[in-house]
Structure formats: structure tokens, C-alpha cells
Amino acid sequence: MMKTNKISMNRFLALGLLIGSVLSQISYAAEAPKKPVKIDKVTEMVLPATSVFMGTVESRTHIPITAGVNGRIDKIAQPGDFVQLGDTLIEMDTLPLQLRLAEQKAQIKRAEINMRYLKNEVSRLEQLKKTNATSQFQLDQQRSQYELAMSDHEIAQLKLKQIEDQLARATVKAPFQGVVTERLMRAGSDVNRSDTLLRFLDTTNLEAHVYVPVKYLAFLRRGNELTLSADDQSIQAKINAIIPSADSRSQTVEVRILIPEELNHVWAAGQLVKVTIPVQETKLSLTVHRDALILRKNGVYVVKVSEDNTIKRFPVIVGAGTPERVSIEGEVSAGDAIAVRGAERLIDGEEVIIQ
């Protein structure tokens, strides 16, 4: 009997200790400080759905510079030389052309002397014809020779202009501001007209070329601005051209984006850039900051903070977004306060302090 009473007493003491522990925990929980959270508002805004494609910066003009005449190269620009519009790129040996020019001028002088002589002969025979001192046949023959002499003089003048044109072509000037990218011939080489001597790049007119799936063509318009980025630099540039001819294998179309001239120093021709392309129509959506999303194995959640500073967790469906905000669908409305910091370990109904 005494043993039974002793066991009951021990159980009573253990139960008392357990109740005391629970009451202590409840008291501690009641006195525990409220957890701070940082909030952001659910905002209704237009979020275009986009995708990033790799493009290449290209010069709008990268041309071969050819020899204007046959001859020997006297001077030629070097790879890497920056030149302005009208600066000399190539100088040819002009001595043969100078000699031909002098010869042609002498031919013209000779033709003018012959033409003056025949003109005087025609005038003389016309006077003689008035007195029947010469025949009509002789007069007509002399007139014909005079007309032929005038034609020869015109031909000689045209040949002179051709030689002068060749002399002008013997000095090749830069058609625009740019840089020499390649030299194919050296000074002293004999070349033929139309031989490629240099390759010349326009550095002031750049554009980005990107190949986009044809299914996104409906969302692209000439004049629309796209975002280009590379090496932590980003710019907005307008679509300059869309080539609506799809590659049969890749099913892509070429889009060209004009880089503003004042931003040409940012990138160089041949550089890879990221181009952000819209992939669906823009629409008004409810958005939250990306930090508000709580990722769990069973889905994605956001924590809504009520007016009495208590919280509740809601599942959401995440849609398109930007680097900062994403569109969501769920039991949220525009203007709702959503926790973006400190909400990961909270439980529904818990009261928080808004920072």
C-alpha cells in the first residue's frame, strides 16, 4: 500500500513538472519579441515577356579598297590606321600617266592647228565658189575634211579627260571615316586595276545583327527599341531593319539594330552582345518583387501582411518578369503588402513588425 502511494506521488510530481514546463514555454512564447519583416506592395503593371538572344556587332560598311589604275604602288596605308573622310589611303606611281597626259595635250594642240587650217581653206574655197573659180566638189571635200578634223579634236579632248580621270584615281582617298583592317599589297608592287589592296572599316556606323526565331516576328517592328548589353554595359537601340526571309533550317530571321553614333565607342565590330527580344504581347499583370517569392518543393508562395500585422502564406503561380519583378497569379490584389525579407520562417497567424 505504501509502495502504491509512493508511485502515485512520483507520477503526480512528474505531471506537475511537465505542466510547469509547458506553462513556462507558453509564457516565453508570449514574451518572445515579434519578428521584423520588410514589405513591398503588389503592383499592377505591364511586364513584357522577353527572351535573350546573342547578336554580333557589325559595321554597316566594311569594303575592299581597289586600285583605280594599273601601275606601281608608291604609298599605302597600314593596318590599324585611323583616317578621316577624304584622307589618302593609296598613292600610285603617276609618271606614266603624266607622260600620256603631256602627249595627249600635244595631240590636241596638233588637232587644233589642223582644224584652223582646214577652216581657213573652207572659207577660201567658199569665196572662190562665188566667182566660180572652184568646183562644188572641192568645196564639199574641204568641208568634209574640216568636219573630220573637228571630230578628231573632240576625240582628243575625251582622251585627255580619260587620262585626267586615271590620274585622279591614282590617288585613292577614304570614302568615309574609318580604320584600315587589312593590307593585301605593299608599296612597290605592280597591280592591275580592280585588284584589292586594302580592307576598310567604317567605325562610325555600327549595328547589331541578331537571328530571331520566326515565331517572334509578329512582336518586332522597325523603329522599336531593344536592349543590348555586354560587359556590364547596356544601351537602348532601335530596330533598323528586319529581313523577312527565314532560314529554312534554323527557321530564324535576321534583325538589325542601329547603334547610335554617340555610343559607337562602347563596343567594337565583331563583338558579341545580348539582345532582349519580346516574345509575346505585353499585358497588365499583378507583380511582386522577386525577393517575395518563397520556393518550396510543393510550390511557390508569398507571405501577405494584414493590416493588424499578422501574416498568412498563399501559393502563387509565377509568370513573366524582369530582373526585379515578376508577375503572379493567386489570392492577392493590387496594393497588398507582401513580405520580401524575414518571412521564410514565419507561420500563419504570427504577428510581425514592419521595418
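Colleague: Which residues of α3 are buried?

Modeller: Buried means under 20% relative accessible area, exposed over 50%, and partly exposed in between, with a 1.4 Å probe and protein chains only. In α3 the buried residues are Leu-139, Gln-142, Tyr-146, Ala-149, His-153, Ala-156, Leu-160, Ile-163 and Leu-167. Helices (H or I, at least four residues) and strands (E, at least two) are DSSP runs, numbered from the N terminus. This is a predicted model, in which local features need pLDDT of at least 70 and side-chain atom pairs count only at pLDDT 80 or more, while totals for chains, interfaces and linings use all residues. Residues are numbered from 1 along each chain as its sequence is written, and side-chain values use heavy atoms, with hydrogens and water left out.

Colleague: What covers the buried residues of α3?

Modeller: Contact means heavy atoms within 4.5 Å. The cover includes helix α2 and strand β8 (171-173).

Colleague: How many residues does α3 have, and what span is expected?

Modeller: The expected span of a helix is 1.5 Å times one less than its number of residues. Helix α3 has 34 residues and reaches 50 Å from first C-alpha to last, close to the expected 50 Å.

Colleague: Which residues have the most contacts inside the largest nonpolar core?

Modeller: A nonpolar core is a set of buried Ala, Val, Leu, Ile, Met, Phe, Trp, Tyr and Cys residues joined through side-chain atoms within 4.5 Å. The largest one here has 26 residues, and Leu-89, Ile-90, Leu-198 and Phe-200 have the most contacts inside it. At least two residues of this core come from each of β5 (71-76), β7 (88-92), α2, α3 and β11. Helix α3 gives the most, with four residues. A second, separate core has 24 residues, among them Leu-220, Leu-226, Val-275 and Val-279.

Colleague: In what order do the four strands of the open sheet lie?

Modeller: Two strands pair if DSSP finds at least two bridges between them. The order is β4-β11-β9-β6, with antiparallel pairing. Strands β4 (62-66) and β6 (82-83) are the edges, each pairing on one side only. Inside the sheet, β9 (residues 178-183) and β11 (residues 196-202) pair over five bridges. Val-180 stands opposite Phe-200 in β11, and Phe-200 is also one of the residues with the most contacts in the largest core.

Colleague: How many salt bridges does the structure hold?

Modeller: Side chains of opposite charge can pair when their charged atoms come close. A salt bridge is a side-chain nitrogen of Lys or Arg within 4 Å of a carboxyl oxygen of Asp or Glu. The structure holds 13 of them.

Colleague: Where in α2 do Arg-124 and Glu-121 sit relative to one another?

Modeller: An α-helix has 3.6 residues a turn, so residues three or four places apart point the same way. Arg-124 and Glu-121 are three residues apart in α2 (residues 95-130), about one helical turn. Their salt bridge is 2.9 Å, N to O. Arg-124 is partly exposed at 42%, whereas Glu-121 is buried at 15%.

In α3 (residues 136-169), Arg-169 and Asp-165 are four residues apart, again about one turn. The closest N and O atoms of this salt bridge are 2.9 Å apart. Arg-169 is partly exposed at 38%, and Asp-165 is partly exposed at 37%.

Colleague: Which residues are linked in a network of salt bridges?

Modeller: Arg-60, Glu-207, Glu-254 and Arg-256 are linked in this way. Glu-254 is buried at 13%, and Arg-256 is partly exposed at 27%.
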